[in-house]
Amino acid sequence: MHDIRAIRDNPEAFDRDLSRRGLSPLSAELIALDDARKAAVSAAQENQERRNARAKEIGAAKKVKDEARAAALMDEVAGLKEVAPALETAQSEATKALDDRLAAIPNRPKADVSEGADEHGNVEYRRFASARETLADGRQHFELGEALGLMDFETATKISGSRFVVLKGQIARLERALGQFMLDLHTQEHGYLEVAPPILVRDEAMFGTAQLPKFRDDQFAVNDGSTIEDIRRSVGSIIAVAGHQREATDFISGGVQDRLDQSSRWLIPTAEVPLTNLVRESILAEDELPLRFTALTPCFRAEAGAAGRDTRGMLRQHQFNKVELVSITAPEKSADEHERMLACAETVLKELDLPFRTMTLCTGDMGFASQKTYDIEVWMPGQKTFREISSCSVCGDFQARRMNARYRKDGKPAFVHTLNGSGVAVGRALIAVMENYQNPDGSVTIPSVLAPYMGGLNRIEGPRP
């Protein structure tokens, strides 16, 4: 969410920054909406002030027995009261119009982010070559997993549809080992606090991290189990109250929607949502910062815009596991914290001895809420290419404004800065390990760092008898 005062103070800079994201100038429109909001607020306040002043004058007139003046003033107050609801509605609508427009505009990119239209404009930041010989090619993970009898897409489709998988035996254990290894690394060595958050969240939480409203179609919504007919029956008694059938129908429709809204929750697309919202609507002490949280959770994405992409295998699924990193910092520390978070995520791949490169995303490839993003891309020999396994983003105060998350700076409340990153995607780490550690006979060697989590197993060769 953008600060309208900052836009007013320097509209040219606002338009210039967003032009780098391919947007036309917006400051004039936003300032006009703010002018309309201010006028509506002023009109409502003036009405209230006049009512208060006339009330005092009525008391004074009655005190001196001037009934005629008192009556005239009371008539004026009645007229002011009559128009007050309309003025309050106009104020609410003008405020909502501005807030809705601001909420739909992406974050301003940092000055050091290169301009570009898509991933082709990304810039390599650094690269890591594993100590092991890097495979130039090989079988893809789903070929390995299916041949081992431990990765079952066909049964998953019968159960849940496309973009799901059933993992079994040693591969299921390997996925669990990867998640546990990452959590231990981040909590024991990197200073993150482990959190077990809810994976069902409300609209306000999704709005706070900017998944809503823009990316509604990419999310999975659930409700409390009430069907539309259940809800219709529960509000059916209003027919007698409504007066006639059309009003009753309209009222029922509204009641149904209200109940659906109240019962709805969202499956998290990433633990960024609950972890960042841990500080919503709060004022932190400066010495509490930085706060660093990590969580291993299931994640859910509708992949509405991914039709036809990565349909084979585990690369793009509706349900996957991920270790998330979130930091809450003071503004002057957020750039350093971004580099620190990136290094923590990179350490996961270094410990697993997986080759990767780190890319700085260009303006056209960054996420909606991001000021600057690093993507870590791991080498996938089965695909003969690098694939993203972690994104680490600094969001400035963009999310904090949406959540009203602040800290006390020199005695005054100021917005915190938020950062989030994958530390890393567990499913994609599983894919990378399988493809990079595959053997000619189809078995998969276990990275040495995972040995404590695998009960001494050093190779996956298929189901044990």
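A: Start with a term. A nonpolar core is a set of buried Ala, Val, Leu, Ile, Met, Phe, Trp, Tyr and Cys residues joined through side-chain atoms within 4.5 Å. Buried here means under 20% relative accessible area. Keep in mind that this is a predicted model.

Now the core itself. The largest nonpolar core has 53 residues. Six of its members have the most contacts inside it: Ile171, Leu174, Leu178, Met182, Leu450 and Ile460. Helix α7 gives the most, with 8 residues.

Zoom in on Ile460. Leaving aside residues up to four places away in sequence, Ile460 touches Leu148, Leu150, Gln170, Ile171, Leu174, Ser443, Val444 and Ile446. Another core lies apart from the largest one. That other core has 24 residues, including Val273, Leu275, Ile328 and Ala330.

Next, the sheet. Eight strands form an open sheet with mixed pairing. Their order is β1-β11-β12-β13-β16-β10-β9-β4. The edges are β1 (123-128) and β4 (193-194), and each of these pairs on one side only. Look at the β4 end. There, β4 pairs with β9 (291-300) in the parallel sense, over 2 bridges. In one of them, Glu194 has Thr294 of β9 as its bridge partner. Strands of a sheet pair through backbone hydrogen bonds, either parallel or antiparallel.

Now turn to another pair of helices. The axes of α3 (27-63) and α4 (67-103) come within 8 Å and cross at roughly 160 degrees. Angles over 145 degrees count as roughly antiparallel, so α3 is roughly antiparallel to α4. The crossing of α3 and α4 is left-handed.

Finally, step back to the whole protein. It has 15 helices and 18 strands. Of its 465 residues, 48% are buried. Take the contacts with a separation of 6 or more: residues 24 or more positions apart account for 75% of them.

Methods: Residues are numbered from 1 along each chain as its sequence is written. This is a predicted model: local features need pLDDT of at least 70, side-chain atom pairs count only at pLDDT 80 or more; totals for chains, interfaces and linings use all residues. Side-chain values use heavy atoms; hydrogens and water are left out. Buried means under 20% relative accessible area, exposed over 50%, partly exposed in between (1.4 Å probe, protein chains only). Helices (H or I, at least four residues) and strands (E, at least two) are DSSP runs, numbered from the N terminus. Contact means heavy atoms within 4.5 Å. Two strands pair if DSSP finds at least two bridges between them. Axes are lines fitted to C-alpha atoms, for helices over the stretch in contact, and angles run from 0 to 180 degrees between N-to-C directions. Angles under 35 degrees count as roughly parallel, over 145 as roughly antiparallel, 65 to 115 as roughly perpendicular and the rest as oblique. A crossing is left-handed if the near helix is turned anticlockwise from the far one by less than a right angle, and right-handed if clockwise.
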